[in-house]
Amino acid sequence: MRNLRSPAARQRARSHVVRAGAASGDRVRLTVYDLLTGTFYTPRTFFYRTTLDASALRDSLARTLVHYPLLTGRLERDRDGGLSVRCNDAGAVFTEVDVDEPMPDYGLGRSARPELRRYLHEVNPFLVVGRDAPLLTVKVTRMRGGGSVLGVAINHCVVDATSHLAFLRHWSAEHRGLDHPLPCHDRGLLDALGARVEPGARERSEQYAVTRRREKWAFIARVNAGAARMRTLTLRFPAEEVGAIKEAAAAGLAGTGRWVSTSDAFTAHLWKVLAELRARPGESRESLGLIVGVRAALGSALPEHYWGNAVTNSRPALTAAELRSAPLGAVAETVRAAVAGVTEQRVRDEIGFLDAQRAAGRSRRVLSRMSLEAFDSAVALNNVGKLPVYGVEFGGGRPFWYEFPASPVPWTVLITPTPAEDDSRDVRLSLPRDQARVLGEPGWQRRLHAHAYAYADADRPR
């Protein structure tokens, strides 16, 4: 017998197709960086204490979509295996749901992650190309007694994290009657940068590999098979602790004239702790897969408000023994050198290599070496701690919590801002469940937050 008190039984849903109102019919060819993500969706969920006006949100969304023709278009396959978006204004899907439940008290210590699917309108990523499948879905869930959840999913082949947030902030500004910079959709600008490459760059790449079909599907199967054994921990590092980590790294470089950023130091600290947790033999190679934006490296070669995927990765490596024993400042320097190594010429060479694979019909078999190393030697880290995710508001106040789905790939680190939007950071660690359990033990928590204890001891009256 159906449980009439289940959440599904107590909700009332209505779906709408939201269009910009004009279709250019243009076919926009996606870039080689766009193709690396596949056709999976990248969802974001925002939790508000107030009740959002869904009708007003639909209206402001339609006005915003005038400037984002790709989001109301549909994906089509190119002859060489690439992808394009037909800007036909077929529309985005907007779903409203009223739920007979109060807003849960989500936040640090109570993750919304186990319930995220109910707050998102999902699309099968394997049934998108050549079909009437939306590239943007929005779901507004209104809770009994006040409070709302905004779930937004965009196909990853048209946005990275920066562009995803740029769209949301544009929508937020449009809703409140504020100005916002217009996006640049000229995908040809990025691909054209691959015309001038170093000799041999089209034939080989340090960051990307062309896999055999069997190898690619084996990797995907391994990710899917291990997903149930993954656990994601959300840990908060207050601003004082983050500052103490930076001071400890800088102290090790005193008098050398060398410099590392707070992000370098924080990344180095996490990498060192996770290397200790993995406890691999000393001669083992430990690599750090850093997600790095290319916008800074390209400077004026790419417009400031370019909208699309514009990220690559860098993979510094040390032996396990070196990483565990090296001073924090030295590891932070390794991180700094890896980020600085993403230069304009390196980006041009990567684009040239990826374009050659697309021309040969091999785009769907290209994977990052960082991904291929995920189960063996790599820690993958994405630091979006400076993205103002808590600035997405629609006139009724800022979100009190922000959630992103757990990664099914082991040893993945996502660094985000906190609701206070100071220099504190929330760190989401996706680990095999045995290591996640160990990291939760008091001794390991003290190691993870060693600089917080040092900061507190230094501040304590003698």
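Helix axes are lines fitted to C-alpha atoms over the stretch in contact, and the angles between N-to-C directions run from 0 to 180 degrees. The structure is a predicted model, in which local features need pLDDT of at least 70 and side-chain atom pairs count only at pLDDT 80 or more, while totals for chains, interfaces and linings use all residues. Residues are numbered from 1 along each chain as its sequence is written, and side-chain values use heavy atoms, with hydrogens and water left out.

Helices (DSSP runs of H or I, at least four residues) and strands (E, at least two) are numbered from the N terminus. Helix α6 (residues 239–251) and helix α7 (residues 262–278) have axes that come within 8 Å and cross at roughly 90°. That makes α6 roughly perpendicular to α7 (angles of 65 to 115 degrees). Their contact (heavy atoms within 4.5 Å) joins Val 242, Ile 245, Lys 246 and Ala 249 of α6 to Thr 262, Ala 265, Phe 266 and His 269 of α7.

Turning to charged pairs, the whole structure holds 36 salt bridges (a side-chain nitrogen of Lys or Arg within 4 Å of a carboxyl oxygen of Asp or Glu). One of them pairs Asp 78 with Arg 27, the closest N and O atoms being 2.7 Å apart. Asp 78 lies in the loop between β4 (74–77) and β5 (83–86) and Arg 27 in strand β2 (residues 27–29), so this pair ties together parts that are 51 residues apart in sequence.

Note on methods:
Angles under 35 degrees count as roughly parallel, over 145 as roughly antiparallel, 65 to 115 as roughly perpendicular and the rest as oblique.
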